[in-house]
Amino acid sequence: MTEKENFSMLRRIAAKSGNLSPKHLKLAQYIEKNYTSLAYVTMTELASLANVSETTVVRFVYNLGYKGFPEFMAALREELTANSKRPIMSAFAIKSGEYEFPRDTCRAIFAMEMQVMAETLAGINEDEFERAAEMVAKAKTVLIVACGANVCCAQALLFALQVMKPNVHMIEKLGLPEDALIRSAGKNSVCIVFSTPRYPLETQKILKIIGKREIPVIGFSNSVLSPIFSYCEIFIQVPEKYVTYIDSNASYMALIHALSFEICQKDEAKAKKMIAEYNDFVRSTNYYVNGETDLVDTSLIIKEPTQNS
């Protein structure tokens, strides 16, 4: 069995996502969003549900490398079994009568963000997350890539990592300085990329150049059908419940917090030194209004439980 044949059903779809025809992409998107309810559908039913032809379903299945629809459905049911411990949540909907707008806007949005965070946490592979932290901790150069609305997440991570590590850079457009920065990054480098719907094209252009330099990529996006997926060595998924002009960023910020904290633990002595230097700098330059409030040493947060606790 080849490595491709070992891929899960969703991973096979993700591997093909960049080369799918519009009809196949439509079917792929439907399957990814609804596979938990498709365990025993017929080919005719799947075609009808996804609003495509049965011929499209057949060609799509063969394109993924399956010998036929029955083998595809067996793989889909294996996917369900593998994810059985993960809570599956439907797209967030504001139920009629549950909220009164505009008064309850804050309550409704907080409810949505908490739902996304719960599902994100449930889907995290802890070994992969730890490996991502290890890669960043050991890297001599870290490139953070984000464009458009994703820049706010990148800037939060940039600040956190620059406090702990040298040679951390953000790339939010592609030009001669950015190309020179990528080319100067050695093989002991790592890239962290953020891309949410609607997926800025500039992000893919930057990743294409980074890929040619064989720099490993850690990706944060909403779906295995995200255009950044094929570039990523590690992919961390943050599900989307709805898409407007404002992204749902609470889960991304929590992941940034968790990743930064774990990186700090990987080389605590070095992190302590960098944090102390940062605290000295902000005090000596009167950078903050309250300059006596130091950045917290993570070793002070992680304490052994006392007898009274």
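## Basis

The model is predicted: local features require pLDDT of at least 70 and side-chain atom pairs pLDDT 80 or more, while totals for chains, interfaces and linings use all residues. Residues are numbered from 1 along each chain as its sequence is written, and side-chain values use heavy atoms, with hydrogens and water left out.

## Helices H3 and H4

Helices are DSSP runs (H or I, at least four residues), numbered from the N terminus. The axes of H3 (residues 22-34) and H4 (residues 43-50) come within 10 Å and cross at roughly 100 degrees; these axes are lines fitted to C-alpha atoms over the stretch in contact, with angles running from 0 to 180 degrees between N-to-C directions. The two helices are therefore roughly perpendicular (65 to 115 degrees).

Lys 26, Leu 27, Tyr 30 and Ile 31 of H3 make the contact (heavy atoms within 4.5 Å) with Leu 46, Leu 49 and Ala 50 of H4.

## Helix H12

Buried positions (under 20% relative accessible area, 1.4 Å probe, protein chains only) in H12 include Leu 255, Ile 256, Leu 259 and Ser 260.

## Leu 157

Leu 157 lies in helix H9 (residues 151-164) and counts as buried, at 0% relative accessibility. Residues up to four places away in sequence aside, Leu 157 touches Ile 144, Ile 192, Phe 194, Ile 256 and Ser 260.

Key
Angles under 35 degrees count as roughly parallel, over 145 as roughly antiparallel, 65 to 115 as roughly perpendicular and the rest as oblique. Buried means under 20% relative accessible area, exposed over 50%, partly exposed in between (1.4 Å probe, protein chains only).
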